[in-house]
Amino acid sequence: MFENIEFANPQFFWLLLLLPLALLWYFFRRKNEMASLRISSIKGFSVNNWAAQIKPSLFILRLLALAAIITAMARPQTEDISTRTKTTKGIDIVMAIDVSSSMLARDLKPNRLAALKEVAANFIKERPNDRIGLVGYAGESYTKTPITSDKSIVLAALQQITYGELEDGTAIGMGLATAVNRLKESKAISKVIILLTDGVNNSGFIEPQTAADLAAEFGIKTYTIGLGTNGNALTPISYNRDGSYRYGMRQVEIDEDLLKGIAQVTGGKYFRATDNESLKEIYEEINSLEKTEIEEFKYYKYEEKFRPLIFLAGVLLLLEWGLRNSVFKSFI
């Protein structure tokens with residue numbers, strides 16, 4: 001009943017200090033006003049003085065009524081807070097993911113593509129107020145899912161991305177151009193591409209520099225990620241008779257100058273991920289760099305609780321008045 005009660009005017013509680021003073025004053029005055037008669041013996045007197053003994057309770061009732069009034073003046077109330085959030089500056093993001101055969105290399109665990117999908121899924125979950133789309137590319141490119149606010153669709157599409165959907169190769173320019181095409185009509189305040197690759201541009205009919213210029217023209221910031229260890233990596237080189245991959249050590253080749261140039265032209269940033277942990281840290285940094293502005297509205301609803309106290313004070317005063325003019329009338 002008394003949970004979450006707050007007082008709008010707590011300064012009135014200082015008035016409660018007057019109550020014990022009033023009580024002392026009353027008993028001091030009553031003692032001085034009581035007449036006394038000395039007799040040798042009260043034997044033979046039959047005096048029923050119970051009403052006289054409990055007469056001070058009338059003053060107690062009056063003090064309790066006053067305490068209730070003071071507490072009511074302090075305005076006890078309950079507070080109900082509701083919030084509503086509004087996205088004031090949303091971000092549209094397209095993740096362009098390399099799905100060439102080299103993404104099955106095992107320098108990241110269990111392989112580059114699986115590690116990327118795990119980290120990217122966490123990134124998507126941490127962007128609840130943004131729209132996100134997916135582009136896959138190898139020797140060519142395609143839109144896996146257009147930009148959408150439905151994260152369940154994006155997460156499901158991300159898990160479906162696999163090697164073998166496209167002709168093998170690394171068409172960085174095609175992947176970037178497809179991502180630009182998905183964002184160029186966007187009305188979002190901020191438009192971002194996260195382009196990930198583990199190789200060099202060796203396919204496609206659109207040059208990466210041309211795609212980067214298009215991104216800059218449409219105001220699309222591009223973060224580029226080079227994925228792969230420094231040195232050699234265990235990479236698929238052929239197939240076994242049962243259709244499984246045969247792995248061999250290959251030199252990791254990433255055109256870092258190209259990726260740095262794309263990021264610079266578009267106002268983004270280049271990152272290098274050499275293991276699972278560094279890949280995770282890169283996406284965390286991008287997440288912190290691209291903040292969606294959220295406006296929060298709080299609504300306060302107050303419910304006043306002083307009325308029962310006023311009612312109680314009235315009942316106590318009425319009771320005191322009634323007793324004073326009936327049961328205790330002869331003693332007043």
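This is a predicted model: local features need pLDDT of at least 70, side-chain atom pairs count only at pLDDT 80 or more; totals for chains, interfaces and linings use all residues.
Select strands β3 (residues 91-98) and β6 first: the two pair in the parallel sense over seven bridges. Helices (H or I, at least four residues) and strands (E, at least two) are DSSP runs, numbered from the N terminus, and two strands count as paired if DSSP finds at least two bridges between them.

Residues are numbered from 1 along each chain as its sequence is written, and side-chain values use heavy atoms, with hydrogens and water left out.

Now keep β6 (residues 190-197) alone and colour by accessibility. Buried means under 20% relative accessible area, exposed over 50%, and partly exposed in between (1.4 Å probe, protein chains only). Eight of the eight residues of β6 are buried, so the strand is largely enclosed by the rest of the structure. On one side are S190, V192, I194 and L196; on the other are K191, I193, L195 and T197, and both faces are covered.

Move to helix α10 (residues 307-324). The expected span is 1.5 Å times one less than the number of residues. For the 18 residues of α10 this gives 26 Å, and the end C-alpha atoms are 26 Å apart, which agrees.

Which residues of α10 are buried? Select A313, L316 and E320. These cover an arc of only 65° around the axis, which puts them on the same side of α10; the arc is that of the directions from the helix axis to the C-beta atoms. Turn to the other side of α10 for the exposed residues R307, P308, F311, L318 and W321. Then display α3 (57-73), which is included in what covers the buried residues of α10.

Finally, show the whole chain. Its secondary structure comes to 10 helices and 11 strands, and 39% of its 332 residues count as buried. Among contacts (heavy atoms within 4.5 Å) between residues at least 6 apart in sequence, 80% join residues at least 24 apart.
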